[in-house]
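Hello,

Here is the structure I promised to pass on. My notes follow below it.

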Amino acid sequence: MLQNEYPKLLFISDCYKYTHAAMYRDDVEEVYSLLYCRKPRMDLSPLNGHIVAFGMRQAIAKLQNLYNEFINTDKNIVKKALDFLYSDFMKLDKAQKVYDFLLQKWLDLPPKMPVIFKVVPEATFIHNDSPIISIMCVEKKHCWFVNFIETYLNSELWKSCFIATKAALFKRIEFDCLGYYLDSSYNFHDFSARGMNGIQDCYTSSVGHLLFFSGTDSIMGLKNVLDNYGGALQNVTRNLGSIPASEHSVMCLGGQSNELETFKYIMQEFPTSPVSIVADTWNLWDIIDKLRFDIDAYNMIINREKPVILRPDSGDPFLILTGNDSANDSREKKGVIRLVNEYFGFDKVKIIYGDAITTDRAREIYRWCKDNGFNPTHFLCLGVGSYAYNSGIRDDVGLVTKMTWAKINGKSTHLIKSPITGKDKISLSGKVGIKKNSREVVQYMDYELENDLLNTDLSLQNLDSIRQNAKDEFLRAIAL
């Protein structure tokens, strides 16, 4: 039985990598691998072809913790775990010389992880075939470890980059509407937690949304910020937040006949705070009418210090918000935006819609608002759920890791993958860097690149600093 005491480092890679140490040539002295962006599948045209590189330093820090745990584990336990993997699981014959060779590779790992990482700054906007992380080992006996950690880095990073890039695409919609970059924005709110691949996935990747927006209900993302990017608590909460909000269970408990009373009750319970109230549990159009034409409800809304945020959340977002010309109900033809503006004014009632929001739908809604004389950033929040943030795969951001350089028998050697059956998979070659000023990708062999955007600083900055870099990079990228 697999023991909980086995170090986790032994279980972070694809199985085939566990035997590669025995397949390397004896004269391999140094190796160099590159995690880079290769032909992303996302439509990145609004960002002029860029993806957002984010989460690298946190992934490396977690890897360092796993390495430290391994080094500090009793060698007898490590040997038991290695026997389980190589003999029991991989069916490797212990009588072969290679068996002891592979086990000894693990047992000989040094106290310090034998790799040198160079990483672009967090929230850097990068083009196709641009490096994000380089990984080098200059210790001959440990060269195998570089590509062992490839699986881990890819699986930890692609989702963080995907969500950060999606958030940047939503930011572009907001930017195009306003004509300037809004530093503290609640116009797009993270609703994705329940649709992520487990709560740890939410913890790791949902910070990507917070590079560009301030609103989130993914509280595990906030925990990540506090754990890794926080600084002073008051600085975190100055730039991030959410508000009290109902859900369908709250509305259903009062019953359909008492829906208006439930609205009144919630408004009474939160008299001086903004509060979001679900309005689509039964008949959206009827409850909007009741809020307007019931004297008590209307006066409560008009006399509030802070607005009520109406949440219609079922159906086609565009038609519900902007109106459906094919509808029989005159209120549905008009749509929520015009109804709210006519009935209450946007200073008293705002709108949040968080069902099935995509960049295409958000852009369509924003375009309609602009065409009809409305500024959606003044009254409309779009909740971005897992429909957008958990709909991708690694190929969408194109993250791959390839070994591109080695020192073999004292000679620098460029390595390249160039399959005749798939030219789209031709790899970069040699050592690779990015010139800071021009952002030109440079492939080189026997020298170090000056003013390389990739650097060895692995410290985790606070979120304010990363958000500032995200802003600078966003403006640089869209100005190209």
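A residue counts as buried when its relative accessible area is under 20%. By that cut-off, 54% of the 480 residues of the protein chain are buried. Keep in mind that this is a predicted model.

Overall picture first. The protein chain holds 20 helices and 14 strands. Its C-alpha trace spans about 85 × 55 × 45 Å along the principal axes. The accessible surface is about 21,400 Å², and carbon and sulfur atoms account for 49% of that. Take the contacts between residues at least 6 apart in sequence: 77% of them join residues at least 24 apart.

Charges next. There are 56 positive and 59 negative ones in the protein chain, and their mean positions lie 4 Å apart.

Five strands make up an open sheet, ordered β3-β5-β1-β11-β12, with antiparallel pairing. β3 (116-119) and β12 (411-414) are the edge strands, each pairing on one side only. On average, neighbouring strands of this sheet are turned by 20° against each other, direction ignored.

Within the sheet, β1 (residues 28-37) and β11 (residues 399-408) run antiparallel and are joined by nine bridges. V31 stands opposite A406 in β11.

Two helices pack on this sheet. Helix α1 (residues 56-71) touches β3 and β5 (130-137), and its direction makes about 165° with that of β3. Helix α5 (residues 150-178) touches β1, β3, β5 and β11. The direction of α5 makes about 140° with that of β11.

Best regards

Definitions and conventions. Residues numbered from 1 in each chain as written. Predicted model: local features only at pLDDT ≥ 70, side-chain atom pairs only at ≥ 80, totals over all residues. Heavy atoms only, no water. Helix = DSSP H or I, 4+ residues; strand = E, 2+ residues; numbered from the N terminus. Buried < 20%, exposed > 50% of the residue type's maximum accessible area, 1.4 Å probe, protein only. Contact = heavy atoms within 4.5 Å. Areas by Shrake-Rupley, 256 points an atom, 1.4 Å probe, with all protein chains shown as cover. Lys, Arg positive; Asp, Glu negative; His and termini not counted. Charge placed at Lys NZ, Arg CZ, Asp CG, Glu CD. Pairing = 2+ DSSP bridges. Axes fitted to C-alpha atoms, helices over the stretch in contact; angles between N-to-C directions.
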